[in-house]
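Reader: I am new to structural terms and want to see each one tested on a real case. Please take me through this structure.

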There are 2 protein chains.
Amino acid sequence: MTTRKLGRGVALVGAGMSKFGSFPGKNSRDLFVEAFQEMRASVDKGLDPRDIEALFIGNYSSDLFENQGHTAPIMADWVGLTPRPAVRIEDACASGGAALRQGLLAVASGMYDMVLVGGIEKMTDLPTERVTDTLATAADMVYEIPAGFTFPGFYAAMATAYMAQYGAPLDVFLKVGLKNHDNGALNDKAQFGQRISSIMEARKASAAKKGNPIPTWETEMDFLRDPRANITIAWPMRLYDCSPISDGAAAVLLVSEEIARKFTDAPLYYIGSGQASDAALHDRPTLTSLPSAKLAAQSAYEMAGVKPADIDVVEVHDCFTIAEIIASEDLGFFKSGEGWKAVEEGVTARSGKRPINTSGGLKSKGHPVGASGVGQVLEIWKQLRGQAGERQLPGAPRLGLTHNVGGTGQTTVVNIFERR
Amino acid sequence: MTTRKLGRGVALVGAGMSKFGSFPGKNSRDLFVEAFQEMRASVDKGLDPRDIEALFIGNYSSDLFENQGHTAPIMADWVGLTPRPAVRIEDACASGGAALRQGLLAVASGMYDMVLVGGIEKMTDLPTERVTDTLATAADMVYEIPAGFTFPGFYAAMATAYMAQYGAPLDVFLKVGLKNHDNGALNDKAQFGQRISSIMEARKASAAKKGNPIPTWETEMDFLRDPRANITIAWPMRLYDCSPISDGAAAVLLVSEEIARKFTDAPLYYIGSGQASDAALHDRPTLTSLPSAKLAAQSAYEMAGVKPADIDVVEVHDCFTIAEIIASEDLGFFKSGEGWKAVEEGVTARSGKRPINTSGGLKSKGHPVGASGVGQVLEIWKQLRGQAGERQLPGAPRLGLTHNVGGTGQTTVVNIFERR
């Protein structure tokens, strides 16, 4: 992939998100307004929204989820940006990451000094089985879906292949979920912001209250291994391996580097971006790596002039727990086939040497698909600015990376941000 | 709207399209391959597709029309661009125009030297009434659609308001359609490439063959005024006022200005682009103009440093005949309320002083919605390069403009190209 120097630098000066969750009665425009308001409040020196020159909105399918197409100008209208140009960017679950990249290019081009990048998805109006079918349209509807696959199945196939190829044990997937719930418990925006231990104790209490036999789980792993507590969705992926169905929105403000300090003394600089496409999974040489993720990462590192070891904060696309392990290898943090060992050894925990998904990840925080790639940036924003509260990483982190995947890797976008 | 100078210039060096029409058994990927192949053949000095660095694909809703989301990487794969970044751009029926603008920004940013911009839509797999419902999702599903509107109704309301405000007669709409069929009859890519006179004669011949009474139409206007021949869709919009339901694809190649002459001695320069958003129609102060079109045109003219009178070739978004008349005013070619007189006087005919839609427009050429904005550029490409055959405008036209509308004007994109 060719990497070139942009015409000018771009900075991130504001970021906000709605809570992720299931919100009957709220549609994506309501959620986007919430994200926008938090973004606005986050701009240290204040923002006049009339200065925003364009909107790039990541959204997978308001068409199928809300029966609403042409969603970009509606979002612009609801946050008061009309008549600014508004464009929807779609790359399935990587729509948010791709929208960020479009915002980067738009400011770098010289056309705009300030753009809003948003992400939205309202998924919970449909029944669960229809959500799964709707998400399946992000695979190849000609060659893959007629064969009976949906996304839990695709990632289950990857997990099975990974276990076979590298000898990873079943337990390692459970440990990714356990870690991400530990992190998400410290994130008030998380949809499932409970530790597995809390969920386990609540189940016991509920059984006791109903006069049912009290489950004998002693540890969180006992709970996660229990096939009645943690049902199989598509073997070896179980309930706590799968990110949830979510509603949510996120918004960030990008400006040209020259004007960044008008808005804050602590801007982040958007120094790297890589994107790659790939054939659908059925037509790929490997199940244990995403070639698009490797290429996107390589482009982003080259553009930023940094190496994997330089990155301090990492949000990866853990739509399923296996995806986090593969991501940690594709991004160059661990060698192929060794990502699972890092999980076993606690390296990717918040207290480890290579913390991953301190926000809780998609697993705990939630996965409103078009919003997820923008939502990831919120964690980078908070961690690099020292505003991550109880989950703040020590050592004044300086470099953050987001990894956002569409489908099974037909798209991956990697973005890198720096505090200077 | 702010207009700024781009980091560097961008040129158009190749353009191709599929035939527009109804193609059972072809999906959007098949049509995009056809457009890509014609684009490739159009590059005078040849093109190695491996040099293409990214794909921006305009598409309204493969989700709803083909049950296929995440369509951008599939399109990239089918024309051999994998693993290049591929992004879908959506702004309803302005998706193609918006994709062009993204391509412009992407090259101007310095990230890429060469990008492919495509447009696709495959609409005819659904029954007609479901197509109308699907298109209706481009309006506001909360406030407008529950009131009973679909797009023929929206544009009928505009036509009625226009007649009331400016005294335009009913016949003027028919004359727009008549003109566009005259033009489309010279375009071998047109879905309905027949003159109204040919359609009329064919109907007479068919009646004679069946032994039915032969209709007494003497002129094309007799035919168009006959409510049995030209049925009312939503008064005053009749069948020949409405663009058809279409399948089709288009593709153009954008490169940085510095390398344009490696590909052709006759590049076009992409010198102006404007885009604006608007509230949905129910929440707008006027029915007889699109504020977003006026703003987009103003931005594009300012960026290009040209005036309406300088433009030689114009493709406007005639999704309905009233839309062409309003467009001709919003673009500054005629004063408000006087566009209809220009039609009456033949000014907008191919032989007139201000020819509009020499390609046949959406009415005759067809309207595969996500492809239309890119398809419009094909006409500019041919006219400015003197390759428009029988419909070639005289006088070696130098400046071409496309006007591409999403919904009822929640989005308008105006692009301007120059031959130097």
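Reader: In E7(A), which residue is the bridge partner of Lys122(A)?

Author: The partner of Lys122(A) in E7(A) is Asp247(A). One word on ground rules: the model is predicted, local features need pLDDT of at least 70, side-chain atom pairs count only at pLDDT 80 or more, and totals for chains, interfaces and linings use all residues. Residues are numbered from 1 along each chain as its sequence is written, while chains are lettered from A and ligands numbered from 1 in the order in which they are written.

Reader: What makes strand E4 of chain A and E7(A) a pair?

Author: Count the bridges. Two strands pair if DSSP finds at least two bridges between them. Strand E4 (residues 114-122) of chain A has nine with E7(A), in the antiparallel sense. Strands themselves are DSSP runs of E, at least two residues long; helices are runs of H or I, at least four long; both are numbered from the N terminus.

Reader: How many bridges join strand E1 of chain A to E7(A)?

Author: Seven bridges join E1 (residues 10-17) of chain A to E7(A), and the two run antiparallel. In this pairing, Val10(A) stands opposite Ser256(A).

Reader: Why is E7(A) called largely enclosed?

Author: A residue is buried if 20 or more other C-beta atoms, placed from the backbone, lie within 10 Å of its own; it is exposed if 12 or fewer do, and partly exposed in between. Nine of the ten residues of E7(A) (residues 247-256) are buried, so the rest of the structure largely encloses this strand.

Reader: What makes helix H11 of chain A largely enclosed?

Author: Here the count is ten of ten: every residue of H11(A) (residues 321-330) is buried, so the rest of the structure largely encloses this helix. The buried residues include Thr321(A), Glu324(A), Glu329(A) and Asp330(A). Just after H11(A), Gly332(A) takes a positive phi of about 85°.

Reader: Which residues of helix H5 of chain B are buried?

Author: In H5(B) (residues 128-136), Thr134(B), Leu135(B) and Ala136(B) are buried. Their cover includes H2 and helix H6 (151-166) of chain B.

Reader: How do you know that Asn357(A) is buried?

Author: Set its count against the cut-off. Asn357(A) has 29 other C-beta atoms within 10 Å, so it is buried. Asn357(A) sits in the loop between helix H12 (339-344) and helix H13 (361-365) of chain A. Its phi is near 60°, a positive value in a residue other than glycine.

Reader: What makes Asn357(B) count as buried?

Author: Asn357(B) has 29 C-beta neighbours inside 10 Å, so it counts as buried. Its phi, too, is positive, near 60°.

Reader: Why are H4(A) and H14(A) called oblique?

Author: Helix H4 (residues 95-108) and helix H14 (residues 369-384) of chain A pack at about 60°, with axes 5 Å apart. Axes are lines fitted to C-alpha atoms, for helices over the stretch in contact, and angles run from 0 to 180 degrees between N-to-C directions. Under 35 degrees is roughly parallel, over 145 roughly antiparallel, 65 to 115 roughly perpendicular, and the rest oblique. H4(A) and H14(A) are therefore oblique to each other. Among the residues making the contact are Gly96(A) and Ala99(A) of H4(A), and Gly373(A) and Val377(A) of H14(A).

Reader: How many residues of chain B are in contact with chain A?

Author: 55 residues of chain B are in contact with 55 of chain A; in contact means that the C-beta atoms of two residues, placed from the backbone, lie within 7 Å. Helices H2, H3, H4 and H10 are among the elements of chain B that each supply at least two residues to this side.

Reader: What makes E3 of chain A and E3(B) a pair?

Author: Three bridges join E3 (residues 86-90) of chain A to E3(B), and the strands run antiparallel. Ile89(A) has Ile89(B) as its bridge partner.

Reader: Which peptide bonds are cis?

Author: Among them is the bond joining Thr82(B) and Pro83(B), with omega about 10°. Another is the bond from Trp235(B) to Pro236(B), with omega near 5°. Pro83(B) is in the loop between H3 and E3 of chain B.
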